[in-house]
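Reader: Please take one part of this model and look at it closely. Start with the part itself, then its surroundings.

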Amino acid sequence: MIAIRGCDLGKSYGHYRVFDRLSVEVEEGQCYALFGPNGAGKTTLLRILATLSRPSTGRFEIAGHDGLTEKETVRGAMLFLAHGSYLYDELDAVENLRFALALRGLTLTDRQIKLALDRVAIGPFADLKTRYYSAGMKKRLTVAKAMLIRPKVLLLDEPYTSLDESGMRLMNQYLRDLAGEGAAVLMTTHDRVRSAEVAHRVGVLDKGRLQECSVEELKAHAIF
Amino acid sequence: MINAMIKWMQRYEGWVGAGGALCLLAGLYLSLVASPPDYYQGEVVRIMYIHVPLVQTAMLAYSVLFAGSLWYLWKRDPIVDNLCHAAAGISAFLTAAGLITGSIWAKPTWNTWWTWDARLVSFAVMFLILVGYLMLRTFVDDPEREARYAAVLAIVGFVDLPIVHFSVEWWRTLHQPLSISMRGVALSGEMLRPLIVMSIGFSALFVYLLMVRTQMLYLTRLLHAKKGRLLSHAHLSDLDT
Amino acid sequence: MPFFRVIRWVAWKDLISEIRSRETISSMFFFALIVILVFSFSFSMDQSETRELIAGIIWVAFAFTGIIGLGKSFSAELQNDCLEHLQISPASKGAIYLGKLAANLLFMLIVEIILFPMFVIFFNLDVVEQLPVLLLIFALATLGLSTVGTLFSAMTVQIRAREVMLPILLLPLAVPVMIAAVEATRGALNGSPIAMYGNWLQLLAVFDVVFTVMSFWVFEWILDS
């Protein structure tokens, strides 16, 4: 079944048109890596699918629900790991997770949270204010959040930036697990090596058009 | 929808404008020449024929803005946003003109430019809200968000105005035992007629301005979109045709 | 109920952050102190004049202090794009609004309760018997300021010139709150029986109800598209 379906999406910011009539489909259990030069509109597409900004034209469905009319349901099924970490500086890791989960109506035990923090290797810093976290640690914390939420659709904006080697392995392990459970994953990235390890499909967004290529081409560095 | 509304405006704006102009001319004749001076106020009363219709029309314009804002939030039609923007600008202008003419009328009749009367204060607050509304619109980058915020502000402000009026009325009876008679002029038929004609004339003028200004804002938006298309990557231009 | 849990968590989050950073309340407090100081220089007052002016001075100080707190309320959400997070969370936007409102109301009330003794000392007021009714007035009027204020804080934080626009939008709408608060406070400080100014409390209550309901309803269009 198709979990992410964008039909004829277009977005313009007043004067400037980013893209036009863009269609994308990602099936359940698939991981789709979206490449493209800076300014091609990758993040814009992601933000539309994440219900953050309204498309100027077109419609989209997430997990079978219309993204414009059934926003609340879509937001319950989807998780967006954006460029911003969505963390409150004055709260510690556990409090930040609890807050994010509470907004989604989830309650988890201390043990579950502790376990997730240990998996991303920030257990020792669990009660440190996230103000003092490095960018990589913040990223790991958002991975822990995603692990606890287990969304049906996961959107990621450049998931590998600021992560170290083991962090990237952790991210890929998580993405594989999630896709294995039947979730759809759509990410924008510039990291060919890392994304080739998990991606089932690869797309290149350039000059307003989305072109698909194979994972082999990606591995062979044959795209743009 | 957009096209239907614009076409409708283009078809009728001339008639409304001409009708309004005729009404205003007739009204000016009736009020400045044909009607008698007031028993108490003398010739000064003639300001009323301008002031009262101005105030009425300003309130009509804000009501249109209020209804349009609700309509916009419901349907999200950009042309309705242009209509609201137009109505707000005209309403702000009419409110300012109403305050000024009111002040000029107040000086000879009440011997003061300004008094903290409930109508005056709520009208001044309305002016401030409208100016805030127009300022807000210039400070938002995304047109869709601009429209949304403006609509919310217009609705909240509209609901606030009766409460402002009510609170100032209470406050005034507390502090200024009525030293000035706020009783309106007792209107005879000869004075009522020009007033009604002027009111119709100003309302028609408002509707005419609303039509023209809405179209202007709509065309400006269209122009920006076109310009944007030219500025966008060259590849996108072939998608437009 | 998830709805009330969201309210609680949003308010709790603001509260904990404030307890740890003390940013908002301390800046509000010192700003208000300066306002009081300036007022005390501007009017050299003896007892009888003070009585007439003090209610107005108190509320001008409270309103401007409140604007500082309200402005900070949502600018804190801009860090790490937390505002976006609130937008795309499946939680009810109305619940988020009520949570922010509760936190703002609490911060403003705390500052007012710390400040009021300063007025009592500097302007030599006699208030002991009137304290309960003064607290009621403060609560009602502060709720009025924060309902509209929280809404406009969320609005102006997402536009340019936000520091200017918050007071420009908020103060005209808050005219009834200011009038009612000043009149009721004056009545209470003069020791008049409550029947003399009770209608102002009613007006404040009406304003509070109308704008809480209204802001709750329109907040979705501020936070979300």
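Author: Helix H3 of chain A, residues 93-103, is mostly covered. Of its 11 residues, 9 are buried (20 or more other C-beta atoms within 10 Å of a residue's own, with C-beta atoms placed from the backbone). Helices here are DSSP runs of H or I, at least four residues long, and strands are runs of E, at least two long, numbered from the N terminus. This is a predicted model, in which local features need pLDDT of at least 70, side-chain atom pairs count only at pLDDT 80 or more, and totals for chains, interfaces and linings use all residues. Residues are numbered from 1 along each chain as its sequence is written, and chains are lettered from A in the order in which they are written.

The buried residues of H3(A) include Leu97(A), Phe99(A) and Leu103(A). Glu95(A) and Arg98(A) are also among them. They pack against helix H4 (110-119) and helix H5 (135-149) of chain A, together with helix H1 (2-21) of chain C. After H3(A) comes Gly105(A), with a positive phi near 75°.

Now the contact with chain C. It takes 24 residues from chain A and 21 from chain C (a contact means C-beta atoms, placed from the backbone, within 7 Å). On the chain C side, H1 and helix H4 (82-88) each supply at least two residues. H1(C) gives the most, with 9 residues.

Buried residues make up 49% of its 224 residues. Its C-alpha atoms fill a box of roughly 45 × 40 × 35 Å along the principal axes.

Technical notes:
Buried ≥ 20, exposed ≤ 12 C-beta atoms within 10 Å, placed from the backbone. Contact = placed C-beta atoms within 7 Å.
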